[in-house]
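Dear colleague,

Here is the structure for your files. My notes on it follow below.

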Amino acid sequence: MTDAADSLPVRRLSDWDAAELQTLIDDYGSPLYVLDLERVRQNYRRLAAAFSNAEILYAVKANALGAVLETLHGEGAGLECASAGEVQRALEAGASGSEVHYTAVNPPAQDLDWVVGAWADHPELTVTAGSEDTIDRLEARGYDGRLCLRVNPGIGAGHHEKVQTGAAAKFGVPAERAVDVLRDAADRGFDVVGIHAHVGSGVSSDQLDAHREFVARMGELAREVSEAIDGDGLEFVDVGGGFGVPYREDEEPLDLESVAEATREALGEVDAWLTIEPGRYFVADAGVLLTEVNTVKEARDTVVAGVDAGMTTLIRPAMYDAYHPIRNLTADAEGAGSSAAEGRETVPQTVAGPICESGDVFCADRELPASERGDILAIGNAGAYGYEMANQYNSRPRPASVVLEGGEVRLSRRRETVDDVTRAEREARTE
Ligand code: LLP
């Protein structure tokens, strides 16, 4: 890849090579997730250049595929994990304890047991607790290692109310209680290393003011905590992830330099690292979901293009009314070399999956080239929270996924079968 391609702040769905994607469907079937690891790397490098003095942790929840973790860890990222399972995957991907942060949100006992067990072998790992209760439960398990406190700053932002965490009661200790909680934890022997908050996910440029205010509060709190606690002071201030990406074709990408500058300025003088933990930013535009049209139907007010992927494959449109770009690769291939006038007519279409819920649509009444049965559609920006949130509702096996790297294609997850869906049930019967 050239430096010019590296620096492109966004890869649009139209930038993907239609013929190459068509070959992948021919070889691996539909539906299919495709992830370009080179693009993941480019996204990391661009963000790391803008935040040159920050510690960067990848929020594993956006896409926990081993190849993604290895790629980002290889670039220098640490890994922020939301569960014991993610910690396990992070360690398996080669991260050392000091590169792993476990963010415990109402942690199930099994998660705490597992992580405290792993801590024995990886004493440098960091646990981020979001309540006093969690600190007590860690202490009860003999944990007195690196502790970070998640605070609730009372400011949220993000692309949808369901992902605006900063003011949600569920997350973190109210910031005004943080000093007391941390002083107490330090007195009890924990190695207090940081404070953390995550304002929300998919924060756009027009929410920069909320971001500024949030980071300023974190800076203030860091200064208060450092004064109040004896010892080495804080090692880092973690302001979470949330870097938005453009899903709509006409949306501009974030101006990373301005975000980085605003962050530094708002944080002010603190004697600690700035830590950030982006997820979506690294992987969103590195992934597409391919799906085949199996039904075309004239409905009363729209044309329905029925496809073999659904809300079980990519839940974001159903769950957050999220917009994802859609492209008809087959129509594009026909149109290649001929004038636009010879291409297919464009008609408003509702692209719908096979699940028995009216919310199972990828778009409603969107202008797209008239679909025909057998066409392959590409759904863009599917690399973040795509496969990761896929499920088996309606006894629908999850799709296959492939990764692209250095001109090679590799199957990264085989397609599931109904046998996979029913395995746990069958095994329970035979026990
Ligand atoms: N750090 C913490 C503690 C988080 O909870 C999250 C995301 C991140 C970092 C990374 O946020 P990002 O940079 O990816 O915005 N399923 C939703 C997004 C949920 C995000 C949850 N937390 C979606 O598809 O939009």
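Of the 431 residues of the chain, 53% count as buried, where buried means under 20% relative accessible area, exposed over 50% and partly exposed in between (1.4 Å probe, protein chains only). This is a predicted model, in which local features need pLDDT of at least 70 and side-chain atom pairs count only at pLDDT 80 or more, while totals for chains, interfaces and linings use all residues. Residues are numbered from 1 along each chain as its sequence is written, and side-chain values use heavy atoms, with hydrogens and water left out.

Overall fold. The chain has 14 helices and 18 strands; these are DSSP runs numbered from the N terminus (helices H or I, at least four residues; strands E, at least two). Its radius of gyration is 23 Å, close to the 22 Å given by the globule rule for 431 residues, so the chain is as compact as a globular protein of that length. The radius is taken over C-alpha atoms, and the rule is 2.2 Å times the number of residues to the power 0.38. Along the principal axes, the C-alpha atoms fill a box of roughly 75 × 60 × 45 Å.

Salt bridges. There are 27 salt bridges in the structure, each a side-chain nitrogen of Lys or Arg within 4 Å of a carboxyl oxygen of Asp or Glu. Asp-375 pairs with Arg-344, with 2.6 Å between the closest N and O atoms. Asp-375 sits in the loop between strand 15 (361–369) and strand 16 (376–379), and Arg-344 in the loop between helix 13 (329–335) and strand 14 (346–352), so this pair ties together parts that are 31 residues apart in sequence. Asp-375 is buried at 3% relative accessible area, and Arg-344 also counts as buried, at 17%.

Helix 9 (residues 208–228) contains Val-215, which is buried at 0% relative accessibility.

Arg-429 is exposed at 65%, whereas Glu-425 is partly exposed at 45%. Elsewhere, salt bridges with shared partners join Glu-38, Arg-41, Arg-45, Glu-75, Glu-405 and Arg-410 into one network.

Regards
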